[in-house]
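Me: Hi! I'd like to chat through a structure with you. Can we begin with a charged pair?

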Amino acid sequence: MALRAEPPDGGWGWMVVLSAFFQSALVFGVLRSFGVFFVEFVAAFEEPAARVSWIASIGIAVQQFGSPVGSALSTKFGPRPVVMAGGILAALGMLLAAFATSLTHLYLSIGLLSGSGWALTFTPTLACLSRYFSRRRSLATGLALTGVGLSSFAFAPLFQWLLSQYAWRGALLLVSALSLHLVACGALLRPLSLAEDPVVGGPGAQLASLLRHGPFLRYTVALTLINTAYFIPYVHLVAHLRDLDWDPLPAAFLLSVAAISDPVGRVASGWLGDAVPGPVARLLMLWTTLTGVILALYPVAQAPTALVALTVAYGFTSGALTPVAFSVLPELVGTGKIYCGLGLVQMVESIGGLLGAPLSGYLRDVTGTYTASFVVAGAFLLAGSGVLITLPHFFCFSAPTSKPQDPVTEALDTKVPLPREGLGED
Amino acid sequence: MRSLPSLRGPRPPPLPLLLLCLLAPVRRSSEDGRTPAAPFTSLPVREEMMAKYSNLSLKSHNISLTDEEKRGTKRSSELTMVTGEHSNMPVEKNITLERPSNIELTCQFTTSGDLNSVNVTWRKGDELLENNYLINATGSILYTQYMFTIVNSEQMGSYSCFFEEKKEQRGTFNFKVPELHEKKKPLITYVGDSVVLMCKCQGCFPLNWTWYSSNGSVQVPVGVPMNNKYVINGKNANETRLKIMQLSEEDQGSYWCHAIFQLGESEEHIEIVVLSYWVPLKAFLAIAAEVVLLVAIILLCEMYTQKKKKHSDDGKEFEQIEQLKSDDSNGIENNAPRHRKNESVGQ
């Protein structure tokens, strides 16, 4: 079985992009549209809103904390079986949730079970995508991630319709059927053997070497800071608008405006990331700084036109920073260690994500308005972009190689298990 | 028809809680510029009645009417004011009343003709009302006022003031109990599940709530003997909840909640649909089958392309073996090339 020296940059890679597109739609689109079920759960279980919102929080937390597990398993077995198993778990969680009799039941089935399923799907897929592309990596990642924006646009009305036809139990049953498509997406992930794979070794060794990798750690810190602030507008924008005496329907409409500019930003940034020479980290810094400035401007904007303009800009820049964020990693650690690297990053940055929304809510409770929340969020983003400056080759003008900084010396003592990829490569 | 032309100058009496709701203020600016707020004094009859129901609040309502003829002769600025008024259509006012109250209704009629020739009457529905109303005239405005008390549901309805000159002008006050207006979509539930039906009154507080279910037109009370199936409770006075447990397909249909006020009732309709689990399950199984099919297609396609490649690889190997064999058969002169070939293969 021959090892490739370079990622194919196309060919079957585009099928992987398709698979990643549907997966990001089915994982994050479902998560983001879950708010539609929120109202039903509050009424059905007669529980306060805070307790019901834990369902989504647990799901997101498990998805992100479980990412290293997904990555480690993918390194050992290849992404295909892991993602297919993840799809089955995610669908099973939703299926069991349809028969729930209490809120705890939902925490366990949707939060824990579906969350673990999602952990096993998303990270391995993106990592696999990074292995299939090098020159067009950012564009491929950007295209794949548009799935998130488009699906949260489409799924919200779809879920609402399902609720009106089948009530929440039947709707959950059908969302479970929808999540089964993750298995089909997993089947598309043909394994790929790259030249670096024998060198970097098995998951345990990779994790160990990553934790000693300076730039990787700094990058993780930067992403954590960014992640803390990233979700705040999605969580609190509607509430902030209601504070400014907006009606609920126009406020929700403004969120969908952001959902439209989001995928546009992703694709544009993906294309830009491949077209511009030099480290992709610089573009990440650009988009992060812009997003931070926009967030800090939110409290100043009072007029509706200003708020609409800010929201469109926020959607664009926050969407733009996602594909570049994923593209920086292979440049730092190389495609061989990408699975474990991505898993670790997701796990650590999830801490930021978990803290961000409650922190923002706490600031609002203390100060009475969302001004402090938005300003702090902007500050976190600017801090994250500051950390990004410390990454290597930041001020260089040549394109970096996609080889890791210190590969061979880190590699393995013992026998190196090759990833079990039986069906050859493309 | 009664007119008391002696009451010329208005002496405003002490009236508690005056709520003026003007419908179409077409006022000709009178020469003396007086605002006709309270042009009547109270009669002894009314004072007696007020004393009896003095614990009830007083609600006042006002309707303004105008004579059609006026429009043509008025100055242009006032023409723009009267534009849009249709004197052929009755002028109506809807009033929501929850509790027994003292009511004061005032109609004012502006005309250019002779005020004394106007015939003024009050009616409830079609029935002519005989007493308790006053008439006054100031300048070219004719006022009439009717005072009464509403304490039960028979006294609710439509009260109208009529001004008969050449054409009949009419103003109507419609009294209704507060309505429960939430338009609800049917509630979807499943067999064996439980459901909570809720009725809420915005800004009003009924004395009592009752629930009925209906198949067709007959309404049957529900939940009156509270048992395991039905539980009625409400957190506040302005809402009620009916919880139905252990749903079965017979529970499907319409449910009505009635809000009972001292002055009447209003009702709201909620519909329940009871489905069996099989309905969404069928869709689920169909989609699951589709996913299995997709996975099978993808994996089979891949195995097929692998087989093809393997065949072509095998084919290439076969050609190489053939070439070696033919080199072999070429004889000893080819020792050197064979060595070279061996070397290159060995790398």
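Reply: Happy to! In this predicted model, A:R190 and B:E302 are both buried (under 20% relative accessible area; exposed is over 50%, partly exposed in between, with a 1.4 Å probe and protein chains only).

Me: What do the side chains of A:R190 and B:E302 form?

Reply: A salt bridge, at 2.9 Å from N to O; the term means a side-chain nitrogen of Lys or Arg within 4 Å of a carboxyl oxygen of Asp or Glu. It runs between chains, from the loop between α8 (181-187) and α9 (197-200) of chain A to helix α4 (residues 278-329) of chain B. Helices (H or I, at least four residues) and strands (E, at least two) are DSSP runs, numbered from the N terminus.

Me: Which residues join into one network?

Reply: A:R80, A:R190 and B:E302, through salt bridges that share partners.

Me: How many salt bridges over all chains?

Reply: Seven. One of them joins B:D193 and A:R169, with the closest N and O atoms 3.0 Å apart.

Me: Is A:R169 buried or exposed?

Reply: A:R169 counts as buried because its relative accessibility is 9%. B:D193 is buried too, at 18%.

Me: New topic: where does UniProt put the transmembrane region?

Reply: The unreviewed entry places it at residues 277-301 of chain B; such annotations use the numbering here, have shortened names, and may be inferred rather than shown by experiment. That span is 96% helix and 0% strand, and its end C-alpha atoms lie 36 Å apart.

Key. Residues numbered from 1 in each chain as written. Chains lettered and ligands numbered in written order. Predicted model: local features only at pLDDT ≥ 70, side-chain atom pairs only at ≥ 80, totals over all residues. Heavy atoms only, no water.
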